[in-house]
Amino acid sequence: MAAAIFALSLLALGDLVSARSEVTPVQKVIQLMEGMLAKGKEEKHGEQVQFAAFKQFCDDTSVEKKRAIDQANEKIDMLKADIEKYTATAARLTKEIAEHDEDISVWTGDQKAATTVREIEKADYDALHQDYSESVDALQRAVAVLKTQGHDRRQASLVQVSALKELSLIPENAKRTLDAFLQQDQEGLEVSAPEAYGYEFRSHGIIEMLEKLSDEFIAERTKLEKEEMNGKHAYDMLMQDLTAQIAQATQDREEKSESKAKNLQAKADAEGDLKDTTDTRDADQQYLNDLTATCEQKASDFESRQQLRAEEIEAINKAIEIISSGAVSGNAEKHLPSLAQQGPALAMLRSDTQNKLMQGRVAQFLSTKARELNSRVLSALAVRVEADPFVKVKKMIKDLIVRLMEEANEEADHKGWCDTELSTNEQMRKEKTEAVETLHAEIDQLEASIAKLTEDIAELTKAVAELNAAMAEATKLRQDEKAKNEQTITDSQEAQTAVAQALTVLKEFYEKAGDAIALLQQQPESPEIFDSPYKGMQSENGGIIGMLEVIESDFARLESDTKAAEATAQKEYDTFMTDSKVDKESKTKDIEHKTAKKQDEEQALTVKNEDLEGTQKELDAALTYFDKLKPSCVDAGVSYEDRVSRRKEEVESLQEALRILNGEDLA
């Protein structure tokens, strides 16, 4: 304060010496202090305005940063939850994939084991079937040899019968019977002449035994064929089931492997987002801490500066009060005017003349600058300079300079505020515009995906319904076909039984007829009354029995063919049903998966629409605020730099005019 008063005193004395005006030194000091007082109040007010703008910036920025930090914390919590979910899902899928691998390995081993067993069974079947076929063929040939004629044959004809002893399937008791039969025939040959027949016709028992063995072997072979067919069918069904299970497990494994990869990728993306969000949050928190500390420091400094300025103003007021008192001002008016009146009257007249000349030069200078700068302020001031008294003109110029400087400071503050607001608003509009465009793109993508999923679900549902209808129709047809085949097989079996009974009746009769003929040959001859003894309808016998045997074989073939057709149809039905069930299960899972995905995307679409609505409101608010900023910050007509340059030239012109009035050379 003492230094300020001392500086004011020096300025006052210098001005008194240079100007030599009529104002006393005390009055000049009072004027200077009043000027200081006005300047102090003005600067104090300007500092208040400046601090108010800075405080508004602190408050707005703090609110924005806190909001950003809160949003980041919410996003971090969501990302952590997502990471935990993705980790748990990936772990679960890893376990399920391992289970699928184990199932596939077990089922593949079952396939190999079943194939090995099937190959062994097939080899055993082929060997045994060949034995039965060879045995049946040998028996049929032996029976055919024995049946060829009902009279004595040569010894060479017994070779077919003797060969039966070499067959492994002939029972031991049958072999012993054959040996006895052949031994009996050999003994008969030893006492006969060389040209005698091998044996007399005594082979009915052997034929019956061989036919019975042939029937048993045929029955065993048929049973073996049925067992082979059933075994092969069971093997095919098992392999089909295992293949379907392996295919389904492989498909599930691939889907879960893909899902696991997606979850791991999503986890990695979420971890990256978490790191970025955490870094941004920490940076915002650090900036907020620094800003809070700076704002608090500036607030403390402002309070101190305001208090100091208030004390300075109070000190200047007290100084003015003291100097304006009678002890100083009264004595100065009483004793100091003589110093100002020592010059002759001619000097005073010359001073008035010089003041008028300087006033005219100033008016001319201001008029010239007003035309150059196109300044209405300088033009109006030039007019007032010519008309107003000299002292009033100087005060008016000083006041105008002060006012222009205040306007410059205010406009600089406003420019800084506008730059800050425009930059913040531009960044806000850019971010929200990009967010709105991104949300529109995501919403379009979700809507397209939902529509595609809806179409896929409808097609899959239709396909499942068609599969159900096809399976029901196939089941009905299979049931009808099975019932028809079973009836055919039953009818064939009944027919075979009836034909066999008829054959038995006929064979028994004609065998008895043959025995009766043999007995007649052993009795004495009866009187000749018939050309030959009655032997039954032997000529028709062979035709009827042959036809019945053909009919019996036809029914047997019908039974065999029907059973084979039934087995084939059942296999085709089972294959169709298995494939249809696998296809239906696959489509059902696809429906469930797509339905769940559709629900997730519909939920995401709802969230995106809500985000879009909120973001659009924020963008509209930013655009509205930008429209409010335009009149004062954008659409001013003249650029800020042009206004600063023009105001600077106006101030310089006023300062030049003031120097002219003070008697300084313009050069």
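This is a guided tour of a predicted model, stop by stop.

**Whole chain.** The secondary structure consists of 12 helices and zero strands. Colour by accessibility next: of the 667 residues, 28% count as buried.

**Helix α2, aromatic pair.** Select helix α2, residues 25-147, and show the side chains of F54 and F57. A pair of aromatic rings is described by the distance of the centres and the angle of the planes. The count of aromatic pairs in the model comes to three. In the pair F54 and F57, the ring centres are 6.4 Å apart and the planes stand at 40°, so this pair is tilted. The two residues are three apart in the helix, so about one helical turn separates them. F54 is partly exposed at 26% relative accessibility, and F57 is partly exposed at 31%.

Now select K55 and D59. Their side chains form a salt bridge, with the closest N and O atoms 3.2 Å apart. Because K55 and D59 are four residues apart in helix α2, about one helical turn lies between them. K55 has a relative accessible area of 42% and is partly exposed; D59, at 36%, is also partly exposed. A search of the whole structure finds 29 salt bridges.

**From α2 to α5.** Select E96 and K256. This salt bridge has its closest N and O atoms 3.0 Å apart. It links distant parts of the chain, with E96 in helix α2 and K256 in helix α5, 160 residues apart. K256 is partly exposed, at 22% relative accessibility.

**From α5 to α11.** Which residue meets D252 in a salt bridge? Select K589: the N to O distance is 3.5 Å. D252 belongs to helix α5 and K589 to helix α11, residues 538-634, and the two are 337 residues apart. D252 is buried at 12% relative accessible area, under the 20% cut-off, whereas K589 is partly exposed at 34%.

**A buried leucine.** Select L146, which lies in helix α2. Is this residue buried or exposed? L146 is buried, at 0% relative accessibility.

**A negative patch.** Finish with D215, E216, E220 and E227, which form a negative surface patch. One of them, E216, is found in helix α5, residues 204-323, and is partly exposed at 37% relative accessibility.

Note on methods. Residues are numbered from 1 along each chain as its sequence is written. This is a predicted model: local features need pLDDT of at least 70, side-chain atom pairs count only at pLDDT 80 or more; totals for chains, interfaces and linings use all residues. Side-chain values use heavy atoms; hydrogens and water are left out. Patches are made of residues with over 30% relative accessible area and no salt bridge: like charges are joined within 9 Å, nonpolar side chains (Val, Leu, Ile, Met, Phe, Trp, Tyr) within 5 Å. Accessible areas come from the Shrake-Rupley method with a 1.4 Å probe; for residues, only the protein chains shown count as cover. A salt bridge is a side-chain nitrogen of Lys or Arg within 4 Å of a carboxyl oxygen of Asp or Glu. Lys and Arg count as positive and Asp and Glu as negative; His and the chain ends are not counted. The place of a charge is taken as NZ of Lys, CZ of Arg, CG of Asp or CD of Glu. Buried means under 20% relative accessible area, exposed over 50%, partly exposed in between (1.4 Å probe, protein chains only). Rings of Phe, Tyr and Trp (its six-membered ring) pair if their centres lie within 6.5 Å; planes under 30 degrees apart count as stacked, over 60 as edge-to-face and the rest as tilted.
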